[in-house]
Amino acid sequence: MNLANLSPLAVLLPILGAALAFLLIRHQTAQRVVSIGILSSTLLLECLLLFSVWSGGTTSVTLGGWLPPWGVVLVVDQFSSLMLVVSSVVSLAVLIYATGQGMADGDQEAPVSIFHPTYLILVAGVSNAFLTGDLFNLYVGFEILLTASYVLMTLGGTGPRIRAGVTYVVVSVVSSVLFLIAIAMIYGATGTITMADLAVKLAELDPGTQNLLHVMLLVAFGIKAAVFPLSFWLPDSYPTAPAPVTAVFAGLLTKVGVYAMVRTETLLFPGDTLNVPLMVVALLTMVVGILGALAQSDIKRLLSFTLVSHIGYMVFGLAISSVSGLGAAVFYVAHHITVQTSLFLVTGLIERRGGSSSIDRLGGLAKLSPLLALLFFVPAMNLAGIPPFSGFLGKLGLLQAGVELGTPLAIVLVVGGVVTSLLTLLAIARVWNRAFWRKPEDAEYPDPVLLTPGNVGVLPRTMVGSTAALVVFGVALTVFAGPLFQIADGSAEIMLDRSAYIHSVLGDAVEVPPLPQNSGAK
């Protein structure tokens, strides 16, 4: 049996779980069991899919008996299956964290009960975006994400959350409209929206038309991925949401945009036509994002700016357009999803223990809660790229790829990447010194909660356990960096070659257009 034929279940299971969780809206315990059970089953399925494509190669599944390019097709390759596994690990950890928070706070209110079905719908949208083989179904995945994320962002109905939700929705709708216009123009020019078929037909268009379609897709995906200067919305939107929601947003939503950029750049528009602008965008995203982080006194806002900054590393690897650069970018995406989510979960624990997420009001957390200090320190050092963590390995791979390319702009990017990493360490060290190292009474505006030693017990075991598990998973990315880099480099090689993807969808008889002579994959 070809396990890839089960790939539609990665989308279907969360949808069915959401329906069942909604029916159990008045039975919180049963709702929790269903949500966690469904997501655990989905993760197991996706691990099997990763094993299947690692050993058997890229495969595709057509839905409803409609053959491509007329029907919907799901494609499972090393990149998509790796993203599925990492995203589900993170989603499961956040769901358990949110469940522990709800149990500790008392979740009798209806909006918290709505969390579980909405969360599963979000997971279904992420899985659909990673698996889809056509542009319109990718658009559908983004819209599922938009609908579910707006509900999650505004849980509780507070003024700041509603304002942040409105900003988020407006920006997301603008990017979705641009994406939909691009899809209509692509269909008008080629008569298809199946990406494998587009990889063949877009090569037949004149360069001017290709570049127009190329830029439109990049702008639409750039907004969703929060690359500079299209990242203005993120730092004001994410920090206002509840801690679990902020964590899953930071870990996953921007990475879906990055995934779409990588998939379309390598499959639809191979070569280095827009690599120079992408390198400039990557450099500005890294530098402007981390400078914004240094100016923050709230940990959640600081992490939101580091999130923007480190998207620049992924765009850096994509712009290099080589197997080593793209492979390092794939590795870094998997690393960053895990580490960024971990830090936002820890920040939720900090806010719960210290009464605030502002470093002006925190102090002495290392002594008051050593476990909390450890849970922050490990992913923080990982994010900063301290050896031997996976953040260091991913950045090292990107810098080596930039040096191999050797162009002046690539060298500037290498220098920018090193500077950004050092400034990330500075921002993290500032949080550590003020929130964990100094005495509580030395805080500028100490919160009364912080000065009450008995409040160490306010950290529920379920929340701490799920956070610790995700931190350990981040460390495991370092321990198993060798196999992970094999998957990342293998996926990069397959994406840059394109033939496996195209043949899995359209059949071996289809002739794959030759790569441009300036392509980094040659």
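**A tour by selection**

Start with Pro388, which sits in the loop between α15 (370-384) and α16 (390-405); helices here are DSSP runs of H or I with at least four residues, strands are E runs of at least two, and both are numbered from the N terminus. The bond to select is the one from Pro387 to Pro388, a cis peptide bond with omega near 5°.

The model is predicted, so local features need pLDDT of at least 70 and side-chain atom pairs pLDDT 80 or more, while totals for chains, interfaces and linings use all residues. Residues are numbered from 1 along each chain as its sequence is written, and side-chain values use heavy atoms, without hydrogens and water.

Next, go to the loop between α8 (207-225) and α9 (234-237), where Pro229 lies. Phe228 and Pro229 are joined by a cis peptide bond, with omega about 5°. Ala226 is in the loop between α8 and α9 too, and its phi is positive, near 65°, although the residue is not glycine. Most residues other than glycine have a negative phi, and most peptide bonds are trans.

Now show helix α3 (residues 78-105) and helix α10 (residues 243-267), which pack at about 170° with axes 9 Å apart. Therefore α3 is roughly antiparallel to α10 (an angle over 145 degrees). The contact of α3 with α10 is made up of 12 nonpolar residues, four polar and one charged.

Arg263 is in helix α10 and Asp77 in the loop between β2 (73-76) and α3, so the pair ties together parts 186 residues apart in sequence. The whole structure has four salt bridges.

Finish on the surface with Val173, Val177, Ile181, Met185 and Leu212, a nonpolar patch with about 380 Å² of accessible area together (side chains joined within 5 Å, each residue with over 30% relative accessible area and no salt bridge; Shrake-Rupley method, 1.4 Å probe). Helix α6 (residues 159-190) gives the most to this patch, four residues, and Val173 is in helix α6.

Key
Axes are lines fitted to C-alpha atoms, for helices over the stretch in contact, and angles run from 0 to 180 degrees between N-to-C directions. Angles under 35 degrees count as roughly parallel, over 145 as roughly antiparallel, 65 to 115 as roughly perpendicular and the rest as oblique. Ala, Val, Leu, Ile, Met, Phe, Trp, Tyr, Cys and Pro count as nonpolar, Asp, Glu, Lys and Arg as charged, and the others, Gly among them, as polar. Patches are made of residues with over 30% relative accessible area and no salt bridge: like charges are joined within 9 Å, nonpolar side chains (Val, Leu, Ile, Met, Phe, Trp, Tyr) within 5 Å. A salt bridge is a side-chain nitrogen of Lys or Arg within 4 Å of a carboxyl oxygen of Asp or Glu.
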